[in-house]
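Dear colleague,

Please find below the structure that I am handing over to you. My findings follow directly after it.

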Amino acid sequence: MATERTEALLERTDPSFLKSCNTTEVQETGEGEIMAPYLMDCRRKQKHIFRQLCVVDDMIQLLAGLESANQLLNEPCPQNPGSEARSAWKALKAEYQERVQEVEGLINTLRVRMEELQGKRKTLETLLSILQLKKEECKEKERITAKRNQRAEMQSKSIKATDRPLDTKASL
């Protein structure tokens with residue numbers, strides 16, 4: 001008899017039977033500003049009902065484990081029947097926070113490395129442009145030197161050409 005009542009209570013408080021707050025109809029009629037407080041209150045009520053449902057569920061589980069009414073009176077009740085779920089939730093939340101901090105640390109490290117890499121890239125680009133300028137200067141100097149050498153050879157050939165006839169006259 002008690003189990004039938006509890007099953008009926010569970011069926012009546014099933015979250016799928018709760019009134020849903022569909023906001024699309026309200027937005028179409030333009031009553032959004034008027035309905036906003038109602039919808040917020042509706043959400044609060046849904047949360048409150050869900051908490052009550054969890055309490056009822058814990059009570060039913062406790063009663064299902066009892067064999068007689070005297071057992072309920074004689075044995076102490078557990079302090080907090082939902083503590084297992086809460087501790088599991090806290091553990092998950094702590095693990096999530098650790099992972100978030102780890103990822104944030106990795107992001108910061110990556111950001112620092114990227115800044116260092118960009119600095120090195122800028123340095124490399126400046127060194128490369130300096131090298132290119134020096135190469136151009138060297139090519140210019142080589143070209144100037146080649147012209148000087150060519151002029152010197154031309155002058156030495158012209159001097160040798162003018163010196164030969166004189167040498168041939170002197171040898172006669």
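Arg143 counts as partly exposed, at 40% relative accessibility; the term covers the range between buried (under 20% relative accessible area) and exposed (over 50%), computed with a 1.4 Å probe and the protein chains only. The side chains of Arg143 and Glu140 meet in a salt bridge, with 2.2 Å from N to O. A salt bridge here is a side-chain nitrogen of Lys or Arg within 4 Å of a carboxyl oxygen of Asp or Glu. Arg143 and Glu140 are separated by about one helical turn because they stand 3 residues apart in helix α5.

Before you read further, please note that this is a predicted model, in which local features need pLDDT of at least 70 and side-chain atom pairs count only at pLDDT 80 or more, while totals for chains, interfaces and linings use all residues. Residues are numbered from 1 along each chain as its sequence is written, and side-chain values use heavy atoms, with hydrogens and water left out.

How many salt bridges does the rule give? The count comes to 4 salt bridges. One of them joins the side chains of Arg99 and Glu102, at 3.7 Å from N to O. These two residues are 3 residues apart in helix α5 (residues 83-171), so about one helical turn separates Arg99 from Glu102. Arg99 is partly exposed, with a relative accessible area of 49%, and Glu102 is partly exposed at 45%. Another salt bridge links Glu125 with Arg121, whose closest N and O atoms are 3.4 Å apart. Glu125 and Arg121 also lie in helix α5, 4 residues apart, which is about one turn of the helix. Here Glu125 is partly exposed, with a relative accessible area of 46%, whereas Arg121 is exposed, with 56%.

Turning to the overall fold, the protein has 5 helices and 0 strands. Helices (H or I, at least four residues) and strands (E, at least two) are DSSP runs, numbered from the N terminus. Read along the sequence, the pattern is α-α-α-α-α. Of the 172 residues in the protein, buried residues make up 3%. The protein exposes about 16000 Å², and carbon and sulfur atoms supply 57% of that area. Accessible areas come from the Shrake-Rupley method with a 1.4 Å probe, and for residues only the protein chains shown count as cover.

Which residues form a nonpolar patch on the surface? They are Leu62, Leu63 and Leu72, which together have about 230 Å² of accessible area. Patches are made of residues with over 30% relative accessible area and no salt bridge; like charges are joined within 9 Å, and nonpolar side chains (Val, Leu, Ile, Met, Phe, Trp, Tyr) within 5 Å. Leu62 counts as partly exposed because its relative accessibility is 32%.

Finally, I come to the cysteines. A search of the whole structure finds 0 disulfides, a disulfide being a pair of cysteine sulfur atoms within 2.5 Å. Cys54 is partly exposed, with a relative accessible area of 34%. Cys138 is also partly exposed, with a relative accessible area of 45%.

Yours sincerely,

A colleague
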